[in-house]
Amino acid sequence: MSEAAAAEVHGHEAIVDQTEPSLTPGNSGKLGMWVFLAGDAMTFGAGIAAYGALRYQNVNWPDPADWLGISLTAVMTFILICSSVTMVEALSGINHGNVQKMQRFLALTVLGGIAFLACQAFEWHHLIWGEQLSIKTSLFAATFFILTGFHGMHVTGGVIYLGTLLTRSFQRTFTVSDARLVEVAGLYWHFVDLVWILIFTFVYLI
């Protein structure tokens, strides 16, 4: 192999190491996020399982469609799915050294999260003050507010997380080596989106 070819291969490996870090002790941020998400997944799993068990045992459980706005929630779900796509594009941008693309799509992801929270605030306002539904009304209401509220806290955390990352990208120059920061943030955001799809399916649709 010529020296030029060897240098090209070595350079390619360096880029791969920067953009696709493996789960090694040196990549503590990604490993730490996976551990956090594993614990969070068990928490959400327990919550959804408890909701299912309570609903199965209660023959008087109301039809969610009688209380919840499926159309609005479908829009909320669509917004979160779109925000996952923009998150992928943000990571693609920094992986290719295109900081402006990363900033543009990261901003769209943050806006998607804010739009979702605004819709959820509208839904809660309607249920609490319009339908007189509260966490003390019934098991259905209690499990609904706990599950959607806990998820809403995660979306709020994600908006703050991504907003901080976006702000930092304007304060200093981001390079390809910063792709792992965006990748770790993306893991969190995709997890939040996936959990919402489960909540939407089990709480709103079934």
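The questions that follow concern a predicted model.

Q: What makes the contact between Glu183 and Lys30 a salt bridge?
A: The side chains of Glu183 and Lys30 meet with an N to O distance of 3.2 Å. The cut-off is within 4 Å, between a side-chain nitrogen of Lys or Arg and a carboxyl oxygen of Asp or Glu, so the contact qualifies. The pair links distant parts of the chain, with Glu183 in helix α7 (residues 179-205) and Lys30 in helix α2 (residues 28-57), 153 residues apart.

Q: Why are Glu183 and Lys30 called buried?
A: Buried means under 20% relative accessible area. Glu183 has 18% and is therefore buried; Lys30 has 12% and is therefore buried.

Q: How do you know that Lys101 and Glu89 form a salt bridge, and where do they lie?
A: Their side chains meet at 3.1 Å, N to O, and a salt bridge requires a distance within 4 Å, so the term applies. This pair also links distant parts of the chain: Lys101 belongs to helix α5 (residues 99-130) and Glu89 to helix α4 (residues 70-95), 12 residues apart.

Q: Why is Lys101 called buried and Glu89 partly exposed?
A: The relative accessible area of Lys101 is 18%, and because buried means under 20%, Lys101 is buried. Glu89 has 28% relative accessibility, which falls between 20% and 50%, so Glu89 counts as partly exposed.

Q: What makes Arg172 and Asp178 a salt bridge, and how many salt bridges does the rule give?
A: The closest N and O atoms of Arg172 and Asp178 are 3.1 Å apart, and the limit is within 4 Å, so the pair is a salt bridge. By this rule the count comes to 3 salt bridges. Arg172, at 34% relative accessibility, counts as partly exposed, whereas Asp178, at 9%, is buried.

Q: Why is the pair of Phe36 and Tyr188 called stacked?
A: A pair of aromatic rings is described by the distance of the centres and the angle of the planes. By the pairing rule the count comes to 12 aromatic pairs. One of them is formed by Phe36 and Tyr188, at 6.4 Å centre to centre with 25° between the planes. Ring centres must lie within 6.5 Å, and planes under 30 degrees apart count as stacked, so both the pairing and the term follow. The pair links distant parts of the chain: Phe36 is in helix α2 and Tyr188 in helix α7, 152 residues apart. Phe36 is partly exposed at 41% relative accessible area, while Tyr188 is buried at 9%.

Q: What makes the pair of Phe200 and Tyr204 tilted?
A: Phe200 and Tyr204 lie 5.9 Å apart, centre to centre, with 40° between the planes. Stacked requires under 30 degrees and edge-to-face over 60, so the pair counts as tilted. Both residues lie in helix α7, 4 residues apart, about one turn of the helix. Phe200 counts as buried at 11% relative accessibility, and Tyr204 counts as buried at 2%.

Q: Why is α5 called roughly antiparallel to α6?
A: Two packed helices are described by the angle between their axes and the distance between the axes. α5 and helix α6 (residues 139-171) pack at an angle of about 155°, with their axes 9 Å apart. Angles over 145 degrees count as roughly antiparallel, so the term applies to α5 and α6. Their crossing is left-handed. The residues of this contact divide into 18 nonpolar, 11 polar and 1 charged.

Q: How do you know that Ile146 is exposed?
A: Ile146, in helix α6, has 52% relative accessibility, and because exposed means over 50%, the term applies. Ile146 and Gly47 are 99 residues apart in sequence and 8.5 Å apart in space, C-alpha to C-alpha.

Q: Why is Gln132 called exposed?
A: Gln132 has a relative accessible area of 58%, and exposed means over 50%, so Gln132 is exposed. Gln132 is found in the loop between α5 and α6 and has a positive phi of about 55° although it is not a glycine.

Terms used:
Residues numbered from 1 in each chain as written. Predicted model: local features only at pLDDT ≥ 70, side-chain atom pairs only at ≥ 80, totals over all residues. Heavy atoms only, no water. Helix = DSSP H or I, 4+ residues; strand = E, 2+ residues; numbered from the N terminus. Buried < 20%, exposed > 50% of the residue type's maximum accessible area, 1.4 Å probe, protein only. Phe/Tyr/Trp six-rings, centres within 6.5 Å; stacked < 30°, edge-to-face > 60°. Axes fitted to C-alpha atoms, helices over the stretch in contact; angles between N-to-C directions. Parallel < 35°, antiparallel > 145°, perpendicular 65-115°, else oblique. Left-handed = near helix turned anticlockwise from the far one by under 90°. Nonpolar A, V, L, I, M, F, W, Y, C, P; charged D, E, K, R; others polar.
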